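Here's a quick briefing to read with the model open in your viewer. We'll go through a loop residue, a helix pair and some charged pairs.

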Amino acid sequence: MKIEQYCVGQVGTNCYFAVNEKTKEMLVIDPGDSAQMLAGKIQQKSLKPAAILLTHGHFDHAMAAKELADIFDVKIYAHEAEKNTLKQPGLNVSSMIGRRDSYHADIFVKDGETLNLAGMEIQVLHTPGHTEGGCCYYLEHEQVLFSGDTLFCQSVGRTDFPGGSMAEIIRSIKEKLLALPDQVKVYPGHMDVTTIGMERAQNPFL
């Protein structure tokens, strides 16, 4: 698997392409903006999107999802507890950029569910704290975690938005993410790539 990272939108969100190099199938994780640019990259590289995965419903992670899904005729996935955040402008904080957006997902997943997409197995880890239905996507075979805004390099996601909780996000990280092997690479929603082992040893919030 090859991972491509694109920084999009006003708050510098990491959108990722997880590419199956054998088949050219791929997943798009958190397309928060710049749908046309992302679509151009996909077409330029002759990639074949299989799905769009949202770690949570904030505007900077979900805003370009529907446009991309329509271009490539694919489904949008999110955790079942994130329906309200996606739908309500007050919860998806699109008002921060002067909008009142409502987002959607086509398929709502459950904690512990395994998705088989683009020739990859993706485990859903429900990690509330940043939002009520925030989740991470763990690819055990590749030893990769897409952590959204739950876990950052030496930091954790904000908990001062509606639905946020510092106690919950710390519990989510300790119970779900720190249970993973140290060598797992963490691809967060903002800032730099890290590893579980590095965060276990150096993250001041943990």
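Contact here means heavy atoms within 4.5 Å. With neighbours within four places in sequence left aside, Gln143 is in contact with Tyr138, Pro181, Gln183, Val184 and Lys185. A word on ground rules: this is a predicted model, where local features need pLDDT of at least 70 and side-chain atom pairs count only at pLDDT 80 or more, while totals for chains, interfaces and linings use all residues. Residues are numbered from 1 along each chain as its sequence is written, and side-chain values use heavy atoms, with hydrogens and water left out.

**The loop residue**

- Gln143 sits in the loop between strand 9 (135-139) and strand 10 (144-148); strands (E, at least two residues) and helices (H or I, at least four) are DSSP runs, numbered from the N terminus.
- The side chains of Gln143 and Tyr138 are joined by a polar contact of 3.2 Å (a pair of N or O atoms within 3.5 Å; within protein, one must be able to donate a hydrogen and the other to accept it, and residues adjacent in sequence count only if both atoms are side-chain atoms).

**The helix pair**

- Helix 1 (residues 35-44) and helix 3 (residues 65-72) have axes that come within 9 Å and cross at roughly 35 degrees; axes are lines fitted to C-alpha atoms, for helices over the stretch in contact, with angles running from 0 to 180 degrees between N-to-C directions.
- On the helix 1 side, the contact is made by Ala35, Gln36, Leu38, Ala39, Ile42 and Gln43, and helix 3 brings Glu67, Leu68, Ile71 and Phe72.

**Salt bridges**

- The whole structure has eight salt bridges, each a side-chain nitrogen of Lys or Arg within 4 Å of a carboxyl oxygen of Asp or Glu.
- Glu4 and Lys2 pair up at 3.8 Å, N to O, and salt bridges link Lys2, Glu4 and Lys45 in a network.
- Glu4 counts as buried at 10% relative accessibility, whereas Lys2 is partly exposed at 39% (buried is under 20% relative accessible area, exposed over 50%, partly exposed in between; 1.4 Å probe, protein chains only).
- Asp70 and Lys66 meet at 2.8 Å, N to O, and both lie in helix 3, four residues apart, about one turn of the helix.
- Asp70 is exposed at 51%, while Lys66 is partly exposed at 45%.
- Asp101 and Arg99 also form a salt bridge, at 2.8 Å, N to O; Asp101 is buried at 13% and Arg99 partly exposed at 39%.
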